[in-house]
Amino acid sequence: MSDTQKSKSLWYHAWESLTSDKMAVVCLLIVVSYFVLAILSALGFVAADYAKEIGPSYAPPSSEYLFGLDIFGRSVLAKTIKGSEVAMSVGLVTGVISMIIGVFLGAVSGYFGGKVDEVIVWFYTTFNSIPYIMLLVAITFILGKGIIAIYLALGLTSWVGLCRLIRGEFIRHKDREYVQAASAIGGGDFRKIFKHILPNVLHIVIINFSLQFQVAIKSEVILSYLGLGVQGVPSWGTMINDAKLELARGNWWQLAAATVAMMIVVLAFNILGDALRDALDPKLKGK
Amino acid sequence: MIPVLLGVCFIIFILFSVLSPDPTLIMLGKHASKTQMMELRAELGLDRPWFIQYFDIVRSTFTFEFGRSWSTKQEISEMIKNGAIPSLTVTLPAFILSSILSISISLVVSFYRGKMIDKATVFVCVALMSVSSLAYILYGQMFFAFQLGWFEISGYEEGFPNFVPYVLLPILIWVVLSIGPDVRFYRTIMLDEIYQDYVRTARAKGLSEKAIMFKHVLKNAMVSIITYVVIRIPFLILGSLLIESFFSIPGLGGIILNAINSSDFPVIRAMTVMSALAYILFSVLTDVLYTVVDPRVRLR
């Protein structure tokens, strides 16, 4: 048996299927470039002088001022890039927070069942009956306005869906042979949950993360617009808020820049999320 | 249901009475004297023990007596009553319209599944979902109401024919906002059904595709469709925060927004309790409807 071939893993198959989809590759590139841009902006390599006055107030888009200028003569392009920093960080941190809570509670509840399950189900049903906008408002009240409040507010209100899914999967998996085998060789609960079952349901976590990411970006824009969001740094939401009054005077470029910048990345995440689902969950292919 | 309701009250209590910054500070400003603050605390009932304050929230859930707003001094139950109608004049027609539209579209595209028209529709839906709702509202108000003058820019009048011109554009925007996610959701449900064995049987015995779609697929998909529709009804009463504030419609969404801006805790608390209550009631209703639509499902 010298010619044994290592069988391709699920992840390898998924990667192959993802990269054979041209649309998904384009979207992946878009997402990566937004990340790169956000990191460069955070490190101060690009758009560091977004607050500087570089020309006349409300200069329309031209070859000199690519996306036009705002009321204080600041570059809309630089503000848009700075806004991507806020948006991407909100998407990432929110996604991670809701992933940690959702996976942990879902896994514990599905695996142990019984009283633990009842308490966790009660907890997320309760949580879910409160409209999320009210929770967001309450959390921003408590923590004060700012980006940390946004991270926590969006993260703490978005884990219920994932928790439900993970719980359902754990209930399905916990009595399967491979888990019994793991107990037979002496694996503890912790080991069975994280080493054995979790990798089998990881695809749900990944798909959910990519969808959560774009929902968070959209919510950040609305929260910032409501005045509950980031302060001091431009975000797409505050740009749209500023642009509200400019629009009637025909100054459309700030609104357009923020809207289009957001639309491209959210669209990319949406398509990527669907492609990921097709790649990782072959049962759903073509739906 | 009761434990969930008590839990909701507890979370609201923790959020607004324990963790929130002192409301007297917000109301009186930073330069208030100690005695002023103490008086206000006594007036608002904030100096009572915590379990009485918690019990107050629980009681208001069942009696609907929420007290008065801190900022407008109005009776909150009165505010809710007055705000519900304007909210519903926007959301109810919009909801019915968008539901019928998206179910029809999803029937058509699941009939042509995998073809160009299906792919194009899905793409358009995703694209529609990717634009911020703020952009729809701002551009819609700008172009259709301000520049073209087709609709009223903002405002509201009471009474049946009077409010119509004010709600048309909000309804249109609501429909555009909800059609993307709705079509995608309904389409997934239909496709779930289309690949079932009973559809293959129906096809094998020679039924037309039309009969299969309407008689078999739609009927079976109804279970999931009803859940999805019913569970969103409580949110209709709440209205849309953003749409109402942009178009100055005096509905519940606007009330919430004002309460948020003026830190009016009793109003926010009352709205949270009410919407949680509505949500719980409608989840129970969905469970009951389940058994009506699908006799295989039994309530435990």
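**A tour of chain B**

Read along the sequence, chain B of this predicted model runs α-α-α-α-α-α-α-α-α-α-α-α-α-α.

Keep chain B selected and show its C-alpha atoms. Along the principal axes, these atoms fill a box of roughly 85 × 55 × 35 Å. Colour by burial next; of the 300 residues in chain B, 34% are buried. Then draw the contacts between residues of chain B at least 6 apart in sequence: 71% of these join residues at least 24 apart.

Now colour by domain. Select residues 1-63 of chain B for domain 1. For domain 2, select 85-252 together with 278-293, again in chain B. The distance between the C-alpha centres of domain 1 of chain B and domain 2 of chain B is 38 Å.

Next, bring chain A into view. How many residues of chain B are in contact with chain A? There are 34, and they meet 30 residues of chain A.

Stop at H1(B), which gives the most to the side of chain B that touches chain A: eight residues. Finally, colour that side of chain B by residue class. It has 26 nonpolar residues, eight polar residues and no charged residues.

Technical notes
Residues numbered from 1 in each chain as written. Chains lettered and ligands numbered in written order. Predicted model: local features only at pLDDT ≥ 70, side-chain atom pairs only at ≥ 80, totals over all residues. Helix = DSSP H or I, 4+ residues; strand = E, 2+ residues; numbered from the N terminus. Buried ≥ 20, exposed ≤ 12 C-beta atoms within 10 Å, placed from the backbone. Contact = placed C-beta atoms within 7 Å. Nonpolar A, V, L, I, M, F, W, Y, C, P; charged D, E, K, R; others polar. Domains from an automatic or database assignment.
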